[in-house]
Amino acid sequence: MQNLGLLAPEIALSLLGLGLMLADLLVPAKASKLLYHFAWVAAAVALVLIARGLSVPGGLPAGGGLWVVDAMSQFFKLAVLLSVIMTVMLCLEYGQLPPAQAGTFCALLIFSAVGMMLLVSATDLLLVFVALELISVSSFVLAGFERSNRKSNEGAIKYFLFGAFSSAIMVYGISLYYGATGTTRLVDPASAGLWLPALQSQGPVFSLAMLLILLGFGFKAAMAPMHFWVPDAYEGAPLPVTAFLSVAPKIATLGALARVYMILVPAAGLEFTTLLALLAMLTMTVGNTVAIFQDNVKRLLAYSSVAQAGYILIGIVSANALGLEGVLIYSLVYVAMNLGAFAVVQAVGDDGSRGGLGSYELAAFDGLAQRSLSLALLMTLFLLSLAGLPPLAGFIGKFYLFAAALDAGRSASGGASPAVFYSLAVVAVLNSVVSVYYYMKIAYHMFFVPAPSGTQAPALHAGPYLYACLAVAAAGVLYFGIYPDPLIANVKLSVPQLP
């Protein structure tokens, strides 16, 4: 195997995952927190190893050309591992996870992360499929981990059924791709210069194959209209799992989507640009519109995450360097602001001052500023960043994505008319305005709606690991918002040359 050493972080994490599964048999339940600490420390070590690989010049093929390790894949792996570390921090404070299965839970989290790391490096459709299935199977089990919770079981079953359906569609697309090209490779390094002209000679079978593969990606990234599993799966899953699913699989899938449809098989060559633009507009609009009517904050943030996928998709539609930079920037800052928001939701839902009798309903946020001003302020910070208001990190990401659409419209690249790109930018801005309404609805309940009358609202307390997660998220949102230069410089180094 060529350059197998490049897979050292993935191999090490896989071995650790197997060890964690065995640990359930050896470690007593009362010491289960030790396993969570092993998991986040291992993810942190892998993150450091990956960060050192950011300086890899160009791309190094490995596994006989099945995957490539380049700065772009390393960047997405960093974002995935950061989300794993923050999720484990939330797990350490979440009381509903069974202690006896702590090792299995951590192992599934690690296996899912390994699948994402393989996915963002894959250049072969079979490896793409295997990586997606590794993510999916782990996620199905994680979503239903609270076996005594009926909603958790219901959400996991719906997630599994829709996942199986999307996998079948993707496999059919891959089989058509193989029939049209005679290979499952997305690009043959030996004939890369001939690849783009060869696309023009492919028949409708090839286009249908790429369309079905796109639909498979769309389910994993929760793009409308393939998002129906999201609200039930997110609402029923344990909150740390919901936070993880809303971030890590989404950015890994969109990273793979960017590699496939921007670099290896450009959407413009398939005449998919207008279709992708429509999917982006639909995803943003459906997510934001339905979120307005949600009274459960988990479901509200679930629909918000659907809309966020639409924003990231703008960069892929634009198919220019600015768009790819926007995809990378927004993916990283999305980890911080969305996991930060979910951390506050966990603190409210797992309210220690009420003996764990909190709720995820919007009414549970009434008077939060009186019970914990710091949590209310942090939640407002994350919500404003998700809405894309300056000077927070979300604004920088959206600025790059929206600017990419305008730039694509000016150059009329991608085989679509300028009106498509300008329309996309206008719809994105309007959706950002709409999102301010439902994000600020939560802030209104926290600051202007008093706690239920007749009750003495006790102060809300959260554990140290949850505050550590909040500190990392808040630092990322503020630092990259006020001083984004280091992030932008690293992103520019991570963006490969577009064809």
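Two residues are in contact when heavy atoms of each lie within 4.5 Å. Phe382, leaving aside neighbours within four places in sequence, has such contacts with Ala336, Met337, Gly340, Ala341, Val344, Leu470, Ala473, Ala474 and Val477. The model is predicted, so local features need pLDDT of at least 70 and side-chain atom pairs count only at pLDDT 80 or more, while totals for chains, interfaces and linings use all residues. Residues are numbered from 1 along each chain as its sequence is written, and side-chain values use heavy atoms, with hydrogens and water left out.

The protein has 20 helices and 2 strands; these are DSSP runs numbered from the N terminus, with helices (H or I) of at least four residues and strands (E) of at least two. Of its 499 residues, 60% are buried, where buried means under 20% relative accessible area, exposed over 50% and partly exposed in between, with a 1.4 Å probe and protein chains only. Among contacts with a separation of 6 or more, 80% join residues 24 or more positions apart.

Phe382 also belongs to the largest nonpolar core, a set of 186 residues in which Met210, Phe217, Tyr261 and Phe382 touch the most other members. A nonpolar core is a set of buried Ala, Val, Leu, Ile, Met, Phe, Trp, Tyr and Cys residues joined through side-chain atoms within 4.5 Å. Helix α14 (residues 321-349) gives the most to this core, with 19 residues.

The next topic is how helices meet. The axes of α3 and helix α10 (residues 239-264) come within 9 Å and cross at roughly 175°. Axes are lines fitted to C-alpha atoms, for helices over the stretch in contact, and angles run from 0 to 180 degrees between N-to-C directions. Therefore α3 and α10 are roughly antiparallel to each other; the label applies to angles over 145 degrees, with under 35 roughly parallel, 65 to 115 roughly perpendicular and the rest oblique. The residues of this contact divide into 16 nonpolar, 4 polar and 1 charged. Here Ala, Val, Leu, Ile, Met, Phe, Trp, Tyr, Cys and Pro count as nonpolar, Asp, Glu, Lys and Arg as charged, and the others, Gly among them, as polar.

Is Ser83 buried or exposed? Ser83 is buried, because its relative accessible area is 1%. Beyond its neighbours within four places in sequence, Ser83 touches Phe244, Val247, Ala248, Val335 and Leu339.

A second pair is helix α4 (residues 102-119) and helix α5 (residues 125-143), whose axes come within 8 Å and cross at roughly 155°. That angle makes α4 roughly antiparallel to α5. Residues in the contact include Phe105 and Leu108 of α4 and Val128 and Ala131 of α5. This contact holds 15 nonpolar, 4 polar and no charged residues.

Most residues other than glycine have a negative phi, and most peptide bonds are trans. In the loop between α8 (204-220) and α9 (230-236) lies Pro225, and the peptide bond from Ala224 to Pro225 is cis, with omega near 5°. Ala222 is found in the loop between α8 and α9, and its phi is positive, near 60°. Ala222 is buried, because its relative accessible area is 0%. Ala319, in the loop between α13 (297-318) and α14, has a positive phi of about 55°. Ala319 is partly exposed, because its relative accessible area is 34%.
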